[in-house]
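Dear colleague,

I am passing this structure on to you, and below it I describe what was found. Please keep it open beside the text as you read.

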There are 2 protein chains.
Amino acid sequence: MDLPKTQEGRLLLIPTPLVEVAQTPLTAVLPQTTINAASALHHWIVENAKTARAFLGAVHAISPLSVPLQHHVMTVLPKHSQLDPASALALLKTALNAQDVGLLSEAGAPCIADPGAAIVAAAHELGVTVVPLVGPSSILLGLMASGLEGQRFAFQGYLPVQAEARDATIRALEGESAQRHQTQLCIETPYRNAALLLAMTRVLQRTTRLTVACGLTGPQSFVRTRTVEQWRREGIAMPDKIPALFGFLAG
Amino acid sequence: MDLPKTQEGRLLLIPTPLVEVAQTPLTAVLPQTTINAASALHHWIVENAKTARAFLGAVHAISPLSVPLQHHVMTVLPKHSQLDPASALALLKTALNAQDVGLLSEAGAPCIADPGAAIVAAAHELGVTVVPLVGPSSILLGLMASGLEGQRFAFQGYLPVQAEARDATIRALEGESAQRHQTQLCIETPYRNAALLLAMTRVLQRTTRLTVACGLTGPQSFVRTRTVEQWRREGIAMPDKIPALFGFLAG
């Protein structure tokens, strides 16, 4: 099925793969409608132009692009800074001009643990229709596969880097988890994965269940939930270049 | 791509459509790999046998079932109660017996705002590999399309039904949202959608941004984010039979 066409431009939110297409093909993680929607667009707002072009190359191999890639218009989101509402509005207005615009993050679902929310907020302000398309999210896949509480959960983003502040945050989140029966989720820069796991197994109570979901949708993916007591006994060698989601639920 | 085969039974988490297949075909919301994985299974743990069979009928139309539907073995999860760990373990052990088992919720991603987490927890306890597959989740799609904060968010499930307790909860969640810059998400039984929206527009601060995401992936879907002040002025007729996700972020 293709999305119905409209007179006015819309903002389409297109998820992208979590791992390289060479490792996991697009058809493993994107519905045909998402692939077709991407192949029909030629105006983009993207987190990273290089990965966006690689993604569109993979889309083209399945569903030929309606306009050759060299004629696509791409605006790159500013790095390491939130777009202020006025700039987001200006950026979206230019891109739209009565045509559909696609929003792409570097990997996974746009706006979830990723930039882009300011663009979507601008779309609502302009009364532009926002269409979210289905695709992979490591947060959602990791939570599904954790066996932890999925009826009440919070995504905390990154924890503090500094050890003392990080440990205090882990303790506070565990207290909240116990009080609310709420799963706590967070991510970390891959090279710090092993340090975060070690900190969690040290700081959390031994009956708390702790999940590591690593490299989801990729060939080396695994999801492992154990009590902290079991983690202390068994441990695990964390890969330092593969993204991971961490989750825990006080026992 | 098909999932690689294994010697030991795995637990496959298969998302299902959010709306009827007559309204939105499977290929709009499920990657080919998810559809193929479903068509290869014949042992299931499901939330609802009727919707599971309808889903498998739709799967068969795209990717023929490896075993005729009448020979599939389905165990239905207990209604309105959490499965205790021992029962979940017994149930999963019987289902597995060295073959892959699929877990299906009634709509959307298994274990997210849905039962099934006890089965996944049992799988981790048995050392069974858990494989989450990609598909639609109204929480994820609604958050993506909200333009609210996606780097920090919490899903609160259902709010209290009783008006005074509900309003107090809305106020408390708004305070937390302001303090943490965290998006608050919740759902409601469809016939109470209008009442919840009214309560939120009444109780929340006028600068708080409030999102309603309704009937996602379906033909009547819409996502609308406005400040509470705008909601008060403009209002909206909420459909009373279509599921909605509500979200807000203190301004």
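Copies are superposed by least squares on the C-alpha atoms of residues with pLDDT of at least 70 in both, where pLDDT is the predictor's confidence in each residue, from 0 to 100. Chain B can be laid on chain A in this way with an RMSD of 0.0 Å, by a turn of 180° and a shift of 0.0 Å along the axis. The two copies are thus related as by a two-fold rotation axis.

This is a predicted model, in which local features need pLDDT of at least 70 and side-chain atom pairs count only at pLDDT 80 or more, while totals for chains, interfaces and linings use all residues. Residues are numbered from 1 along each chain as its sequence is written, and chains are lettered from A and ligands numbered from 1 in the order in which they are written. The model scores ipTM 0.95 and pTM 0.95, and chain A averages a pLDDT of 93, with 99% of its residues at 70 or above.

Helices (H or I, at least four residues) and strands (E, at least two) are DSSP runs, numbered from the N terminus. In chain A, strand β2 (residues 43-46) and strand β3 (residues 73-76) run parallel and are joined by four bridges, and strands pair if DSSP finds at least two bridges between them. I45(A) stands opposite T75(A) in β3(A).

Among the buried residues are I35(B) and N36(B).

Best wishes

How values were computed:
Buried ≥ 20, exposed ≤ 12 C-beta atoms within 10 Å, placed from the backbone.
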